[in-house]
Amino acid sequence: MSTMDKITSLVLMPRESGKFIAQSASNVFVKTEGVKELASEILENLKNGRISIKNFSQHSLHPSPHDRKVFDWLLVLDSLNFCFWSDKALLPKKWKVNGQSGYFALCAAIKRAVEEGVPITDAAFLSKVTEEEVRRILRPDEDSAETPLMKKRVENLNEIGRVLLDKYNGTFKECVKACNNSAEKLLKFIVTDFPCFRDEAVYKNQRVSFYKRAQILIGDIWACFNGKDLGEFKDIDYITMFPDYRVPQVLLHYGTMEYSHSLMEKLLSEDELPHGSEEEIEIRGCSIEAVERVVKETRYLIENDTTSDLRGLDCNSILVDHFLWDYRRKYAKELETVPYHKTRTIFY
């Protein structure tokens, strides 16, 4: 029997993938004490309001839920939301737009395009947009690096444009409406109909999934609409954290995860991890499982807190991911000594 014959055809969804990977991992380990420490931190930030669904809409670079094309805006955003880091040869230059870097540079570029009258949320335009046009849309500030994987970004935009025209009357809003307020159903629509969101791998002969960009798209809709109207998902807990390369760095910082000596050596030497490699899969899968345990522990703390009135307070994986990602940006200098993996891929 060939190796391919041994691989199961069943694809585990992200939560189940994380659990399976964590049970088998030999390079990455979820640590109980680190889970408890992070859960305590999460609870304090939930209490003081620093962790809140409202934080998304408060950022000036994010779209308004009142924007007629908000769903298409978010789809374009998360079809391009990957791999912003520069090659070593280009450092210290980064891709920057209006002084912003990384994800917020992308938000700034999309907002700039809309203000310039570029029909970037129009499916017909996206289906035929050229590399020259995308370079113009994503053009960097003077003396900044261009965002990498440009051809892949063009392919993603062409793909989502075609799918919207073929299946959803030219707007992603129709896809969101078709899910009937189910995050699970929307996730499956996205990864089935839009192949560029199909973030999967094979680990120990088992097909696993992470669906980072698909899940963050749902999380963005939920947060943008404050969990209401078309952003209300009765099963929002179905969504896990969004396994990228920066959030695991913060999990490592908190001691919520621990890496083997050999993996730490690779990361400290800044070797790129190949997409689909065992170490990369274990970092991403264990990140999902670690955050699942943090959410469980945080909810336990909420239920058993006798010092204050926590009625109405809740925690989920999206909110924990937001906290960890924001923490990395806020304490970037302090985290410079904590290694993180780099993988050149369209999935994160």
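For the residue classes used throughout, Ala, Val, Leu, Ile, Met, Phe, Trp, Tyr, Cys and Pro count as nonpolar, Asp, Glu, Lys and Arg as charged, and the others, Gly among them, as polar. This is a predicted model, where local features need pLDDT of at least 70 and side-chain atom pairs count only at pLDDT 80 or more, while totals for chains, interfaces and linings use all residues. Residues are numbered from 1 along each chain as its sequence is written, and side-chain values use heavy atoms, with hydrogens and water left out.

**View 1. The largest cavity and its lining.** Searching the whole structure turns up 1 cavity of 30 Å³ or more (on a 1 Å grid over the protein atoms alone, a set of points where a 1.4 Å probe fits but cannot get out; lining residues have an atom within 4 Å of a point). The largest cavity comes to about 30 Å³, a volume being the space filled by probe spheres set on the points, with grid points joined across faces, edges and corners. Around it sit Met 13, Pro 14, Arg 15, Glu 16, Tyr 238 and Thr 240. Sorted by class, that lining is 3 nonpolar, 1 polar and 2 charged residues.

**View 2. The second largest pocket.** A pocket is an open set of points with protein on both sides within 12 Å along at least five of seven lines. This one has a volume of about 230 Å³. It is lined by 14 residues, and the closest to its centre are Trp 222, Gly 312, Asp 314, Cys 315 and Leu 319. The lining splits into 8 nonpolar, 3 polar and 3 charged residues.

**View 3. Helix α2 on helix α14.** Helices here are DSSP runs (H or I, at least four residues), numbered from the N terminus. α2 (residues 14-24) packs on α14 at an angle of about 110°, axes 7 Å apart; axes are lines fitted to C-alpha atoms over the stretch in contact, and angles run from 0 to 180 degrees between N-to-C directions. The pair is therefore roughly perpendicular (65 to 115 degrees). In contact terms (heavy atoms within 4.5 Å), the α2 residues include Pro 14, Arg 15 and Gly 18, and those of α14 include Ile 281, Glu 282 and Gly 285. The tally for this contact is 6 nonpolar, 3 polar and 5 charged residues.

**View 4. Helix α3 on helix α14.** α3 (residues 32-47) and α14 (residues 278-304) meet at about 60°, with axes 8 Å apart. Among the contact residues are Val 35, Leu 38 and Ile 42 from α3 and Ala 290, Val 294 and Leu 301 from α14. The contact divides into 10 nonpolar, 2 polar and 3 charged residues.

**View 5. Helix α3 on helix α15.** α3 and α15 (residues 317-330) pack at about 95°, their axes 11 Å apart, and are therefore roughly perpendicular. Leu 38, Glu 41, Ile 42 and Asn 45 of α3 meet Val 320, Phe 323 and Leu 324 of α15. By class, you get 5 nonpolar, 1 polar and 1 charged.

Key. Helices (H or I, at least four residues) and strands (E, at least two) are DSSP runs, numbered from the N terminus. Angles under 35 degrees count as roughly parallel, over 145 as roughly antiparallel, 65 to 115 as roughly perpendicular and the rest as oblique.
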